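Let me put the model up and walk you through a few spots in it.

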Amino acid sequence: MERKFASQADLADKKISFVKLGNSAYAYTAEGDPNTGIVIGDDGVMVIDTQATPVMAQDVIRRIREVTDKPITHVVLSHYHAVRVLGASAYGARCTIASQGTWDLIMERGEADMKSEIERFPRLFRSAESIPGLTWPNIVFKDEMTVWMGKLEVKIMHLGRGHTKGDTVVWLPGQKVLFSGDLVEYAATPYTGDAYLQDWPKTLERLRALQPEKLVPGRGDALVTPSQVEAGLRGTQDFITRMFESVRTGAQAGKPLRDVYRDTYAKLKPEFGHWVIFDHCMPFDVSRAYDEATRYPDPRIWTAQRDKEMWQALEG
Ligand SMILES: [Zn+2]
């Protein structure tokens with residue numbers, strides 16, 4: 001049976017939740033679609049990941065306006081993926097913050113990624129014509145920076161490579177709330193097409209060491225107790241580790257990518273097949289894992305054309 005490319009068959013709307021996580025934090029989640037985090041400081045609002053288009057971002061702004069009339073002053077990009085960053089212009093924030101690694105990836109592959117992701121996710125890129133172009137950060141940090149939003153301390157940190165080489169988390173140390181971006185997913189399949197699979201579990205250890213009490217993952221419900229947070233970290237770590245091990249074993253045995261894909265899909269399906277976007281992610285995930293296990297230490301650029309060729313080779 002041939003599966004439809006990426007998320008092109010996924011056209012049903014999701015139910016949106018806007019969950020309060022404490023005095024200063026909210027999570028905008030949608031049953032496994034990309035999440036947005038919100039931090040409300042004394043004098044302004046920070047948005048973490050923007051949604052895919054300015055039109056889609058309007059719904060986030062509407063929710064923010066139900067709880068505060070403070071100006072939206074900061075946008076943080078957890079990483080460079082189009083589906084998270086191209087709605088940024090809607091917020092009119094004076095500060096758009098990203099890591100150096102994310103800046104480098106926008107420079108190198110932002111255009112290719114935009115074209116590729118618009119075709120992968122037609123539902124999430126509704127009103128794609130409202131995108132004014134790539135989102136360029138105007139504040140770039142290397143490892144860590146602190147934003148004081150009045151008396152509220154907000155740490156913005158790159159704790160290592162994982163989902164991409166620029167992954168950024170936002171941490172409220174006073175309230176132990178963490179916004180992880182796609183480094184952590186909950187009941188949603190991690191996308192690893194641009195990942196560093198051998199680094200990712202180590203980076204998750206650094207997230208765990210912060211001892212977050214609440215965590216907003218990149219996809220899936222907000223995790224609001226320490227045991228839920230641990231379930232999110234553990235689930236993501238298990239998926240990454242088992243997927244990469246399966247691919248590495250096959251690659252080292254000299255099997256071609258298509259066989260390794262079939263084996264790995266069958267191995268992971270019983271445990272993880274019910275997670276959203278499993279069928280979308282697996283061909284990309286196994287392709288990158290095979291690259292990393294063989295001869296490509298850095299992820300190769302996905303283009304709309306390479307996407308389709310890979311899909312045809314593995315699923316056709
Ligand atoms: Zn991503």
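Start with Lys151, which is exposed because its relative accessible area is 76%; by the cut-offs here, buried means under 20% relative accessible area, exposed over 50% and partly exposed in between, with a 1.4 Å probe and protein chains only. You'll find Lys151 in the loop between β8 (144-149) and β9 (152-157). Helices (H or I, at least four residues) and strands (E, at least two) are DSSP runs, numbered from the N terminus. From Lys151 to Lys15 there are 136 residues in sequence and 34 Å in space, C-alpha to C-alpha.

Quick housekeeping: this is a predicted model, so local features need pLDDT of at least 70 and side-chain atom pairs count only at pLDDT 80 or more, while totals for chains, interfaces and linings use all residues. Residues are numbered from 1 along each chain as its sequence is written, and side-chain values use heavy atoms, with hydrogens and water left out.

Now the metal. Which residues are the protein donors of the zinc ion? They are His79 (NE2), His81 (ND1), His163 (NE2) and Asp182 (OD), lying 2.1 to 2.3 Å from the zinc ion. A donor here is an N, O or S atom within 2.8 Å of the metal (3.2 Å for Na, K and Ca), and water is not among the atoms, so sites may look incomplete. The four donor atoms subtend angles of 91 to 175 degrees around the zinc ion, so the arrangement is irregular. For the record, four donors are tetrahedral if all angles lie between 85 and 135 degrees; four are square planar and six octahedral if opposite donors are over 155 degrees apart and all others between 65 and 115; anything else is irregular.

Along the chain, the donor spacing reads H-x1-H-x81-H-x18-D. His79 sits in the loop between β5 (72-76) and α2 (82-85), and Asp182 in strand β11 (residues 177-185), so this pair ties together parts that are 103 residues apart in sequence. Both His79 and Asp182 are buried.

On a 1 Å grid over the protein atoms alone, a cavity is a set of points where a 1.4 Å probe fits but cannot get out; a pocket is an open set with protein on both sides within 12 Å along at least five of seven lines; and lining residues have an atom within 4 Å of a point. Points are joined across faces, edges and corners, and a volume is the space filled by probe spheres set on the points.

That rule gives four cavities of 30 Å³ or more, and the largest cavity has a volume of about 210 Å³. It is lined by 25 residues, and the closest to its centre are His81, Glu117, Arg120, Phe121 and Tyr191. Helix α3 contributes the most to that lining, with six residues.

The largest pocket comes to about 230 Å³. Of its 14 lining residues, Ile16, Tyr28, Asp33, Gln51 and Met56 are the closest to the centre. The top contributor to the pocket lining is α1, with three residues.

Although not a glycine, Gln51 has a positive phi of about 80 degrees. Gln51 is in the loop between β4 (45-48) and α1, and counts as buried because its relative accessibility is 10%. Ile277 also has a positive phi, about 55 degrees, and lies in the loop between α6 (257-272) and α7.
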